[in-house]
Amino acid sequence: MPLPLPLYLLALAVFAMGTSEFMLAGLLPDLARDLGVSVGAAGALTSAFAVGMVIGAPLMAVLARGRSGRSGLLGFVLVFLAAHVAGALTSSFGVLLASRVVAALANAGFLALALTTAIAMVPADRTARALAVLLGGTTVATVVGVPGGALLGAHAGWRAAFWAVAVLCVPAALGILRGVPAAEPSPEGPSLRAEFGVLREPGLARVLVLAALVNAATFGSFTFLAPVVTGPAGLTSSWVSAALMLFGAGSFAGVTAAGRLGDRHAGRVLAVGGPLLLVGWVALAALADRPAVLPALLFVQGALSFAVGGTLIAWILYEAAGAPALAGAYATAALNVGAVVGPLLAATVLGRPTGPFLLSAGLVAAALAFAAVSGSRRGGPASRC
């Protein structure tokens with residue numbers, strides 16, 4: 001049975017938002033010159049977006065609580081669109097910074113609501129596959145959207161990339177308006193206090209920590225692939241985009257595979273994928289100076305990172321079933337805590353070009369140790385084989 005078309009419309013919006021989140025890496029020098037700030041100051045745009053995602057996930061989910069999925073999703077997409085129009089038009093760095101915070105809040109709210117909307121559209125035994133389609137939007141952004149945004153920015157200026165993201169939001173908004181059911185959610189349900197109280201449950205707290213650690217490992221190394229490509233691997237800067245695309249292509253393959261396996265074999269995905277993920281980061285650190293094997297390792301590591309990460313998202317939503325309005329927010333916040341902390345930690349070990357890979361290995365090792373010590377809650381996705 002095919003998945004509902006609205007899932008793919010939600011994935012289109014996630015693609016646009018993922019492109020926006022990562023595209024600044026290739027636009028900062030041009031943007032900094034145009035607005036008269038240093039590249040370091042311009043880097044605050046990336047940090048502001050990441051912090052906005054962490055704070056915005058629960059905040060926006062609370063604000064959207066009680067609204068229909070369609071109205072909430074549409075509202076977040078339109079705010080995201082407007083923030084990019086404002087960013088494309090402004091000549092003030094302060095306004096651009098504010099627009100990035102607003103965009104991050106909208107992105108966080110959209111993703112939190114989209115996660116819960118997606119699983120509501122399908123039977124329980126197809127949850128992982130539905131989430132794979134949704135998260136596929138992010139992985140496609142790393143393969144196509146981010147390099148495309150950098151290329152567009154290089155030829156038409158950084159503002160053109162902002163306009164492109166805004167344009168992508170239009171079909172996504174129309175698709176949500178026409179495709180996502182308009183039915184209002186049931187007025188009966190747990191109170192807001194009860195939904196926040198779910199965070200005290202050991203099973204949910206455990207998987208939130210695991211998701212944050214795995215995602216910190218992923219983004220810690222992904223953010224600093226360029227120094228490895230141009231350093232130990234001895235390749236030219238033109239290979240950086242290719243390396244990012246290979247990692248992104250692997251991510252798409254991994255999240256797709258996890259979607260097909262996760263509903264019935266989530267425990268096996270984590271039990272096998274977790275240790276392989278650790279071995280992969282160690283292998284990348286050891287073989288980074290061999291350009292003949294580096295591309296294959298990047299693809300495989302992208303696949304493992306998102307296969308494990310995508311399965312953990314499904315597990316979070318399972319554990320947070322008692323918080324239907326905030327479950328997606330918890331998953332979004334945990335993953336973005338990792339996306340903030342990982343690069344910050346990786347930046348401290350850049351004295352060694354392969355330092356981020358070793359750090360990622362340490363983070364995954366910590367996750368495996370934590371999982372072993374804390375045990376697994378029987379009945380959750382991680383224990384279904």
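How many of the 385 residues of the protein chain count as buried? The share is 54%. The model is predicted. Its protein chain holds 15 helices and zero strands. Among contacts with a separation of 6 or more, 84% join residues 24 or more positions apart.

**Helix pairs**

Two packed helices are described by the angle between their axes and the distance between the axes.

| Pair | Angle | Axis distance |
|---|---|---|
| Helix 5 (residues 69–89) and helix 8 (residues 158–179) | about 160 degrees | 8 Å |
| Helix 1 (residues 5–23) and helix 5 | about 30 degrees | 12 Å |
| Helix 13 (residues 294–319) and helix 14 (residues 327–347) | roughly 140 degrees | within 8 Å |

Take helix 5 and helix 8. Angles over 145 degrees count as roughly antiparallel, and this pair packs at about 160 degrees. Helix 5 and helix 8 are therefore roughly antiparallel to each other. Helix 5 passes helix 8 in a left-handed crossing. On the helix 5 side, the contact includes Arg70, Leu73, Leu74, Val77, Phe80, His84 and Gly87. On the helix 8 side, the contacting residues include Trp158, Arg159, Phe162, Trp163, Cys169 and Ile176. By class, the contact of helix 5 with helix 8 has 19 nonpolar, two polar and two charged residues.

Helix 5 also packs with helix 1, at an angle of about 30 degrees. The cut-off for roughly parallel is under 35 degrees, so helix 1 and helix 5 count as roughly parallel to each other. Their crossing is left-handed. Helix 1 brings Leu10, Ala13, Ala16, Met17 and Ser20, and helix 5 brings Leu73, Val77, Phe80 and His84. The contact of helix 1 with helix 5 divides into seven nonpolar, two polar and no charged residues.

Helix 13 and helix 14 cross at roughly 140 degrees. Helix 13 and helix 14 are therefore oblique to each other. Helix 13 passes helix 14 in a right-handed crossing. Ile313, Ile316 and Leu317 of helix 13 meet Ala327, Gly328, Tyr330, Ala331, Ala334 and Leu335 of helix 14. The contact of helix 13 with helix 14 has eight nonpolar residues, one polar residue and no charged residues.

**Two residues up close**

Where does Asn215 lie? Asn215 is in helix 10 (residues 202–223). Is Asn215 buried or exposed? Asn215 has 12% relative accessibility, so Asn215 counts as buried, with the cut-off at under 20%. The side chain of Asn215 reaches the backbone oxygen of Leu335 at 2.2 Å. Setting aside neighbours within four places in sequence, Asn215 is in contact with Leu335, Asn336, Gly338 and Ala339.

Ser99 sits in helix 6 (residues 93–120). With a relative accessible area of 7%, Ser99 is buried. The side chain of Ser99 reaches the backbone oxygen of Leu96 at 2.7 Å. Not counting residues up to four places away in sequence, Ser99 touches Ala83 and Gly87.

Note on methods:
Residues numbered from 1 in each chain as written. Predicted model: local features only at pLDDT ≥ 70, side-chain atom pairs only at ≥ 80, totals over all residues. Heavy atoms only, no water. Helix = DSSP H or I, 4+ residues; strand = E, 2+ residues; numbered from the N terminus. Buried < 20%, exposed > 50% of the residue type's maximum accessible area, 1.4 Å probe, protein only. Polar contact = N/O pair within 3.5 Å; in protein donor to acceptor, adjacent residues only side chain to side chain. Contact = heavy atoms within 4.5 Å. Axes fitted to C-alpha atoms, helices over the stretch in contact; angles between N-to-C directions. Parallel < 35°, antiparallel > 145°, perpendicular 65-115°, else oblique. Left-handed = near helix turned anticlockwise from the far one by under 90°. Nonpolar A, V, L, I, M, F, W, Y, C, P; charged D, E, K, R; others polar.
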